[in-house]
Each structure stands twice: as C-alpha cells, then as structure tokens.
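Dear colleague,

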2 protein chains.
Amino acid sequence: MEIADLLVKKLSHRSPLTIVEREILSRSIARTRKIAADDDMVAEGSKPAHSTLLVSGFAARYLHVADGSRQIVAIHVPGDFVDLHSFLLKRMDHGIYAMSPCTVAMVPHERLLEITEGFPHLTRLLWLSTLIDAAIHRQWLVGMGRRSASARIAHLLCELYVRLAVVELTDGSQFALPITQEELADSLGMSLVHLNRSIRELKNQGLFEWQRGGVEIKDWDGLRQLAEFDPTYLNLEADVVRTTL
Amino acid sequence: MEIADLLVKKLSHRSPLTIVEREILSRSIARTRKIAADDDMVAEGSKPAHSTLLVSGFAARYLHVADGSRQIVAIHVPGDFVDLHSFLLKRMDHGIYAMSPCTVAMVPHERLLEITEGFPHLTRLLWLSTLIDAAIHRQWLVGMGRRSASARIAHLLCELYVRLAVVELTDGSQFALPITQEELADSLGMSLVHLNRSIRELKNQGLFEWQRGGVEIKDWDGLRQLAEFDPTYLNLEADVVRTTL
DNA sequence: CGTTTACTTGAATGCTCTCAACCAGCGTGG
DNA sequence: CCACGCTGGTTGAGAGCATTCAAGTAAACG
C-alpha cells in the first residue's frame with residue numbers, strides 16, 4: 001500500500017523496519033479521507049478512537065486563548081502522525097486543522113494497541129516519533145523565549161526544509177509552503193504586522209524568497225547561522241541537509 | 001523499595017499497576033545519587049546509558065543560546081522521570097541540572113528495553129508520561145506566544161501546584177519552590193526585571209505570596225482565572241485540585 | 001469584473017528589555 | 001560578634017522592539 005510507504009520511509013530514517021513490521025503498518029490503516037483547507041481534522045477536547053496520519057498537505061495543532069487569539073503549537077508535513085498522542089492521551093488538549101487541502105489516513109486505536117502488545121520495536125519507533133514532536137516543541141520554546149523575531153522565522157524555515165527533505169518533498173532549494181502569514185505569525189507567537197516586516201528584512205538580506213506558497217532558500221548557510229539551526233534535535237541518522245543541499 | 005513508590009504513585013494516577021509491574025519498576029532502579037544545587041545531572045549533547053528519576057528536589061531542562069542566554073524548557077518535580085526520552089532519543093538535545101539539592105535514581109536503559117519487550121501496559125504508561133511532558137511544553141508555548149507576563153506566571157504557579165499535589169508535596173495552599181527569580185524568568189522567556197515587577201503586581205492583587213523558597217496561594221480562583229488554567233492537559237483522572245484546595 | 005482574501009505599509013502606543021544602582025539576607029572569617 | 005562579600009531580590013529610567021489601529025495594494029476567485 002502506497003500510503004503506509006510514507007510512514008515507513010519516515011520511521012526507517014531512524015531504524016530499519018522488518019517486512020513483518022511494514023506489513024503490520026499497512027494493515028493498520030483503516031481508510032483515507034480528504035479534508036478541505038481550514039477544516040478541523042481533530043477537534044479540541046474530543047476523544048478520538050483513531051489516530052490520523054497526514055498523507056498530503058499541511059496541518060497545524062492549535063490552542064485558543066480567551067482573548068480570541070490562538071497559538072499554533074505544531075506544523076505537520078506529510079508523513080507525520082498528527083495525533084498519535086491521542087492514542088494514550090485520552091482527551092485532546094488542542095485542535096488540529098488543515099492548513100491546506102489534506103489527505104489523511106486513519107489508524108484505529110485498537111490497531112495501535114495491538115502493535116504495543118505484540119511489536120515492541122515498532123512501538124518504540126512510534127514512541128520515538130512522539131518524542132521528536134516534543135523535541136520540536138522545545139526548539140519552538142527556545143525561539144519564542146530567547147530568539148529574535150527574524151531568527152525565529154529563519155529557524156522555522158530551516159526546520160521545515162529538513163523535515164520536508166526527509167519525505168522528499170523538497171525540490172533543490174525550494175519547497176511548497178501553502179500557509180498564510182497569519183498562520184506563521186500564530187506559530188511563531190508574534191503579530192502579523194511584525195512578522196511581515198521581519199520577513200521582508202530577511203528577503204532583503206537575500207536569505208530566501210517566498211511567494212505564492214513556495215519558498216526558495218537562497219542562502220542556506222546564512223539562514224542557518226542566523227537561526228543557530230542545528231538539526232540534531234530531529235534525530236535523523238543521515239545528514240539530510242548535507243546530502244540534499 | 002520506597003523510591004519506586006513515588007513513581008508508582010504517579011503512574012497509578014493514570015492507570016492502576018499490577019503487583020508484577022510494581023515489582024519490575026522497583027527492580028529497574030540501579031542506584032541513587034545525590035546532586036548539589038546548580039550541578040548538571042544530564043549534560044547537553046551526552047548519550048546517557050540510563051534514565052534518571054527525580055526522587056527529591058527540583059530540576060530543570062535547559063538549552064543555551066549563542067548570545068549567552070538560556071531557555072528553561074521544563075521544570076521537574078519529585079516523581080518525574082526527567083530524561084525518560086533519552087532512552088529513545090539517542091543524543092540529549094538539552095541539558096538538565098539541579099535547581100535545588102536533588103536525589104535521583106538511575107534506571108539503566110537495558111531495564112527500559114526489557115520493559116518495552118515484555119510489559120506493554122507498563123510501556124504505555126511510560127510513553128504516556130513523556131506525552132504529558134509534551135502537553136506541558138504546549139502549554140508553555142501558548143504562554144510565551146500569546147499570554148501576558150502575569151498570566152504566564154500565574155499559569156506556571158497553577159501548574160506546579162497541581163503537579164506537586166499529585167505527589168503530595170503541597171501543604172494546604174502552600175508548597176516549596178526553591179528556585180530563583182532568574183530561573184523563573186528563564187523558564188517563562190522574560191527578563192528578570194520584568195518578572196520581578198510582574199510578580200509584585202500579582203502579590204499586590206493578593207493572588208499569592210512568595211518568600212524564602214515557599215509559595216502560598218491566597219486566591220486560587222483568581223489565579224486560575226487570570227491564567228486561564230485548565231488542568232486537563234495534565235491528564236489526571238482525579239481532580240487533584242478540587243480535592244486538595 | 002466585483003469581491004474577498006492575503007499581503008503591505010504608516011504611525012502611535014506600550015510592553016519589555018537593558019543598564020545601573022541599591023537593598024537585604026546569609027555565611028564566613030577576622 | 002560584627003564586618004565583609006556574595007547571592008538574590010528590588011527599583012528607576014531610557015531605549016527599542018513589538019503591538020494595535022488603520023489604510024491601502026495586490027492577487028485570487030467566482
């Protein structure tokens with residue numbers, strides 16, 4: 001099955017999977033579903049009976065704040081298990097919505113339970129992928145707490161580039177990023193206006209271009225330095241960056 | 001063994017443990033160690049061969065930024081498995097140090113491996129505890145991105161109160177919090193000066209008192225409202241808050 | 001095309017930071 | 001037993017980053 005391949009590709013980046021494990025993953029996928037841009041795929045406060053694997057498109061996890069603003073706490077790319085944690089965390093403490101049109105595959109929690117009962121290695125890999133999500137959270141925390149606006153933007157672009165490269169969704173130094181500046185601002189914890197000006201500055205420095213949902217990195221080293229980007233937190237065995245850029 | 005009891009107490013808060021599982025946990029602890037305040041317990045970039053369980057004292061996970069500042073990304077209280085993630089995440093992407101004198105217990109990664117191989121339920125509980133760490137990260141992200149300085153402080157105090165209540169380290173509306181304002185500022189992503197002024201404001205509003213390493217919550221409802229604190233993200237089955245306050 | 005959505009830009013306000021002292025508690029040593 | 005030095009906490013003031021409000025432009029869509 002082609003859909004599972006994406007997940008297999010991502011998990012294998014950390015540790016090779018056996019034939020049986022690949023088989024199990026394929027069979028765990030119940031069905032796929034299309035979701036329109038801006039629609040919720042997992043509701044805040046719900047208690048899902050399955051976890052969803054993002055097959056195509058971009059998704060975001062978000063939390064609302066009483067004053068009407070929201071904070072995006074994670075951006076997901078194809079191959080990500082967007083709510084694997086809902087398997088054990090009974091109630092969703094945040095919502096997940098489609099930033100662009102998405103295709104997702106559903107994995108019933110019973111299947112995940114079976115995996116944890118009988119396939120320790122696969123279980124550890126799934127666990128690992130939630131740990132990497134947490135590592136990404138930590139980097140975002142550092143960004144919001146201690147990095148300048150432009151460094152934060154640069155860091156996110158570096159991160160997305162590498163994560164997309166893993167699933168071969170980069171094209172040289174370019175990649176699609178079909179999200180609005182407002183969504184970016186909500187991810188980085190800053191205002192839309194300030195984000196817009198900071199992006200302009202980075203563009204003027206010749207670090208990257210960004211138009212019509214596509215980003216082109218013009219000066220990877222410059223961007224990386226500004227962001228103090230070190231991809232080790234993404235736990236990729238191969239230096240994806242070095243091999244693709 | 002008394003040390004494992006603390007962990008058992010915490011894990012049982014989510015799902016009851018069998019006798020055998022308790023037994024396994026007890027036997028997994030290799031030895032205990034004392035760590036002086038301000039000393040590292042896990043070094044940034046290291047590849048630990050064991051995970052450490054915090055038995056007493058407060059610890060923090062931190063990352064350094066090039067300009068010399070640091071960001072604390074997690075505060076740990078007794079009963080927390082401070083680096084359970086190091087079991088699967090090969091290299092530490094951050095350091096962990098003792099905010100106060102600490103006692104820790106070491107759990108060799110081989111023991112954890114054995115648990116994942118033979119005890120699925122226990123494995124899921126350990127996995128869950130790392131998921132809750134991630135949920136806490138998300139709340140911190142919301143705080144730094146979208147909450148005011150005082151709401152952020154209030155939220156952290158609410159969170160710590162509840163987490164300490166779980167391990168019965170609260171005394172009525174009081175609890176020990178042996179950390180400096182500088183550490184708090186590094187946790188909340190703000191400057192020491194601003195933190196200090198914001199704390200004063202909250203004190204003046206009669207929400208809490210804080211002196212000589214001890215906090216007393218004077219107005220729980222006021223604090224909770226200001227923080228928009230909702231403890232569901234901590235995944236506690238019992239309403240620890242309601243029963244103890 | 002008209003309308004909506006996304007992006008830009010200007011200007012004023014203000015939150016938060018840095019720099020700079022100063023104060024208080026505490027442990028140590030003369 | 002008190003002075004001294006250290007750490008942690010407090011306060012003042014000016015600078016600057018970031019926000020909000022407000023408009024205006026450009027691109028996308030039916």
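The model is a predicted one. Its largest nonpolar core comprises 145 residues, and those with the most contacts inside this core are Ala59(A), Ala154(A), Ala59(B) and Ala154(B). The element that gives the most to this core is helix H4 (residues 120-146) of chain B, with 13 residues. As for Ala154(A), once its neighbours within four places in sequence are set aside, this residue is in contact with Leu202(A), Leu207(A), Leu223(A), Leu226(A) and Ala227(A).

**The two domains of chain A**

Chain A is assigned domain 1 (2-120) and domain 2 (147-244). The centres of these domains, taken over C-alpha atoms, are separated by 23 Å. Across the boundary, 16 residues of domain 1 of chain A are in contact with 14 residues of domain 2 of chain A. On the domain 1 side, helix H1 (2-12) and strand E5 (70-76) of chain A are the elements that give two or more residues. The largest share, four residues, comes from E5(A). By class, this side has eight nonpolar, four polar and four charged residues.

**The surroundings of DNA strand C**

DNA strand C is surrounded by 14 residues, of which the closest are Thr180(A), Gln181(A), Ser191(B), Val193(B) and His194(B). The elements giving two or more residues to this surface are helix H6 (181-188) and helix H7 (192-204) of chain A, together with helix H7 (192-204) of chain B. H7(A) provides the largest share, five residues. The residues of the surface near DNA strand C divide into five nonpolar, six polar and three charged.

With kind regards

Terms used
Residues are numbered from 1 along each chain as its sequence is written. Chains are lettered from A and ligands numbered from 1 in the order in which they are written. This is a predicted model: local features need pLDDT of at least 70, side-chain atom pairs count only at pLDDT 80 or more; totals for chains, interfaces and linings use all residues. Domain bounds come from an automatic or database domain assignment. Two residues are in contact if their C-beta atoms, placed from the backbone, lie within 7 Å. Ala, Val, Leu, Ile, Met, Phe, Trp, Tyr, Cys and Pro count as nonpolar, Asp, Glu, Lys and Arg as charged, and the others, Gly among them, as polar. A nonpolar core is a set of buried Ala, Val, Leu, Ile, Met, Phe, Trp, Tyr and Cys residues joined through C-beta atoms within 7 Å. A residue is buried if 20 or more other C-beta atoms lie within 10 Å of its own, exposed if 12 or fewer, and partly exposed in between; C-beta atoms are placed from the backbone. A residue is near a molecule or strand if its C-beta atom, placed from the backbone, lies within 6 Å of it.
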